[in-house]
Amino acid sequence: MRWALLIEDEADHRLLIREAMARMSPPVELFEVGAATEAIAWVRERAAEPDGLAGGLVILDLGLPGPSGFRFLEWVREHRALDDLPVVVLTASENPMDAEHAFFLGAKGYYQKPADFRRYVDLFERAFRIHRPGGPSSAGAQSGS
Amino acid sequence: MRRERRNPFRSSLVIEPAWRRWTAAALAVLVYAAAFVPLYRQGGVGASALAVFPVVILGWLFGAWGGLLAGVGSAFLNALLLSFVGEPGWAIVTGPGGMEGSALVVVVGAVIGLLRDLGLRLDRHLTEWRKAERALRSAEDRYRLLFERSRDPMYVSRPDGRIVEANDAMLRLLGEQRSDLHEIDVNALYEDPLDRERFMREVARAGFVEDFPVRLRLANGTTLDCLITASARYGAGPERPVVEYQGSLRNVSENRTLHSLAERRTHELQEVVHELESFTYSVSHDLRTHLVTMGGFASILWTEYREHLDEKGQNFLERIVTASRRMDAFVQDLLNYSRIGRMPVSEERVELSEIVATAVATLAPMAETRGARIDVAPDLPAVQGDRTLLERVVENLLSNALKFVPEDRAPEVSIRAEVEERRVRLKVRDNGVGIESVDVERAFKAFERLDPARFPGTGVGLSIVEKAVDRLGGDVGVRSVPGQGSTFWVLLPLALPAELVEDE
């Protein structure tokens with residue numbers, strides 16, 4: 001089963017994204033954390049399991065309490081075992097400078113949160129298609145994008 | 001300038017005008033002729049000796065030749081006068097002693113005349129010499145005044161560092177008293193002794209320097225940035241050594257101060273602009289955070305819970321969804337507008353035809369819904385500018401032309417361009433509602449909308465055009481007939497000739 005880790009502090013946005021994920025098919029198992037430190041702990045734990053990180057996508061908000069989303073991107077980049085873990089940024093407002101910095105730190109995508117709920121589902125489907133092609137079974141393969 | 005007074009020396013030598021001279025001469029001859037016979041009869045004096053009197057006068061009046069002729073003439077006159085009174089006149093004059101006397105009188109006349117001529121010549125030389133001296137003195141006065149009164153510091157110095165002369169401005173600049181002038185050592189004034197060496201070498205080589213930059217350190221410790229313009233004076237001798245520098249200084253310290261002040265102000269302004277931009281960004285970000293929540297839940301309600309509401313409730317909900325969509329467009333434009341202002345601008349050759357084709361393709365869905373006809377001139381020129389900004393300009397102008405056309409009319413848009421000297425005028429004409437001339441200024445203002453009831457939008461389009469054109473170094477304007485349509489134009493720099501670009 002494909003899964004997503006949502007790193008988001010805004011409760012309203014978490015609820016919206018949870019609702020969107022619930023409407024996806026095949027279904028996505030969603031995990032939610034509210035800070036970068038919690039996310040790091042979660043990824044560590046998950047990486048210890050065999051194939052624990054396969055088929056998953058990390059959805060990261062940049063403005064977080066404590067260490068920022070950029071700090072999380074740096075942490076992922078420092079760990080070679082996480083090279084295959086795609087992280088995409090989902091932010092309230094596009095900022096070309098932030099986008100450039102995020103890509104520099106290894107983010108695979110940079111998306112703006114839509115103000116229309118219907119577009120979330122399309123957005124996540126596209127993100128899985130690009131960064132986890134071939135569905136859950138071949139999730140370990142490099143996307144190359 | 002007329003001569004102020006006649007030279008008394010000269011007036012005693014020359015009697016003018018001529019008729020006065022001739023009258024005096026005639027008078028002298030007449031007096032002589034009348035007095036000669038009685039004086040001669042009295043005896044004791046030779047005829048020739050008496051003749052000395054008029055000859056001297058005539059020589060004085062007419063010069064050397066006059067004196068000579070008068071001497072010869074007097075001998076004949078004496079003979080004539082003596083024969084009148086019954087004496088053997090000619091015999092007396094040519095007799096023993098007579099010839100010698102006559103010759104002596106001729107010589108005396110000539111010598112007196114010669115003296116007069118020499119005197120006159122001397123006088124002429126003296127006058128000329130005096131005139132030259134006066135001219136020289138007035139020239140010297142004039143240049144001295146120029147030197148002393150000049151507000152530019154000027155000086156004459158020697159290679160050993162002594163100052164020979166300096167004007168008041170120079171003393172003021174150095175903060176020295178005139179009495180200490182000769183105590184100043186120029187070598188010690190240079191902050192960097194190497195500058196002094198370079199200055200001397202350059203003057204020795206070229207004979208002068210122009211705007212030679214130096215930094216002086218004064219006795220009180222302040223430094224001055226100066227430009228020296230100086231030339232050399234050479235001494236005698238086969239090597240023609242430099243003996244003096246004559247120069248002037250220009251104090252440019254103040255220019256530097258102004259320059260750095262302007263720099264600081266610019267920096268402060270840039271900081272303010274930067275602050276405003278980050279403020280705009282963070283405000284837009286926060287607006288959008290809440291908008292995402294509002295719009296998100298409103299659209300879930302609309303898509304999934306609509307049936308649970310009655311018609312009135314559905315109508316209210318639809319209004320919320322539409323409003324949040326509008327607000328989203330507004331915040332997006334706000335972000336775009338602030339981005340136009342701070343994005344870096346490149347300068348490259350851009351084909352207008354490509355930019356227009358892209359814009360037409362982007363707006364094709366909008367044009368199709370309205371049944372619009374877009375007519376693009378086949379040979380649009382290339383311009384010099386930033387591709388992204390140009391895309392923004394053309395896209396906004398085109399969407400503007402399509403948007404402001406009444407519902408019952410199919411939009412007709414034509415895109416043309418003309419080359420005007422070094423610029424390109426791109427014109428976008430529509431058959432829309434047009435703009436009243438009093439509203440033209442408002443049309444380009446950010447978030448201003450002229451007819452919000454009829455035409456939806458955020459009011460940012462034209463202000464993005466204006467800001468982008470400004471950053472491209474161009475100009476924008478509109479000519480409009482209300483009710484019939486508008487022609488928006490932008491002036492853009494013409495692309496550099498291709499060969500120029502290849503040379504780079």
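The model is predicted, so local features need pLDDT of at least 70 and side-chain atom pairs count only at pLDDT 80 or more, while totals for chains, interfaces and linings use all residues. Residues are numbered from 1 along each chain as its sequence is written, and chains are lettered from A and ligands numbered from 1 in the order in which they are written.

We begin with helix H1 of chain A, residues 11-22. Helices (H or I, at least four residues) and strands (E, at least two) are DSSP runs, numbered from the N terminus. The twelve residues of H1(A) should span 16 Å at 1.5 Å a residue, and the end C-alpha atoms agree with this because they are 16 Å apart; the expected span is 1.5 Å times one less than the number of residues.

Within H1(A), A:Leu16, A:Ile17, A:Ala20 and A:Met21 are buried, that is, 20 or more other C-beta atoms, placed from the backbone, lie within 10 Å of a residue's own, whereas exposed stands for 12 or fewer and partly exposed for what lies in between. Seen down the axis, the buried residues of H1(A) fall within an arc of 135 degrees, so they line one face of the helix; the arc is that of the directions from the helix axis to the C-beta atoms. A:Ala11 and A:Ala22, on the other side of H1(A), are exposed. The buried residues pack against strand S1 (2-7), strand S2 (28-33) and helix H5 (118-131) of chain A, together with H9 of chain B.

This leads to the contact between the chains. Chain A contributes 15 residues and chain B 18 residues, two residues being in contact if their C-beta atoms, placed from the backbone, lie within 7 Å. On the side of chain A that touches chain B, H1 gives the most, with four residues. A:Asp12, A:His13, A:Leu16 and A:Glu19 of H1(A) meet B:Val292, B:Thr293, B:Gly296 and B:Ile300 of H9(B). The axes of H1(A) and H9(B), residues 253-304, come within 10 Å and cross at roughly 35 degrees; axes are lines fitted to C-alpha atoms, for helices over the stretch in contact, and angles run from 0 to 180 degrees between N-to-C directions.

Elsewhere in chain B, B:Leu189 is found in helix H7 (residues 186-189). B:Leu189 counts as buried because it has 20 C-beta neighbours inside 10 Å. Leaving aside neighbours within four places in sequence, B:Leu189 is in contact with B:Leu216 and B:Arg217.
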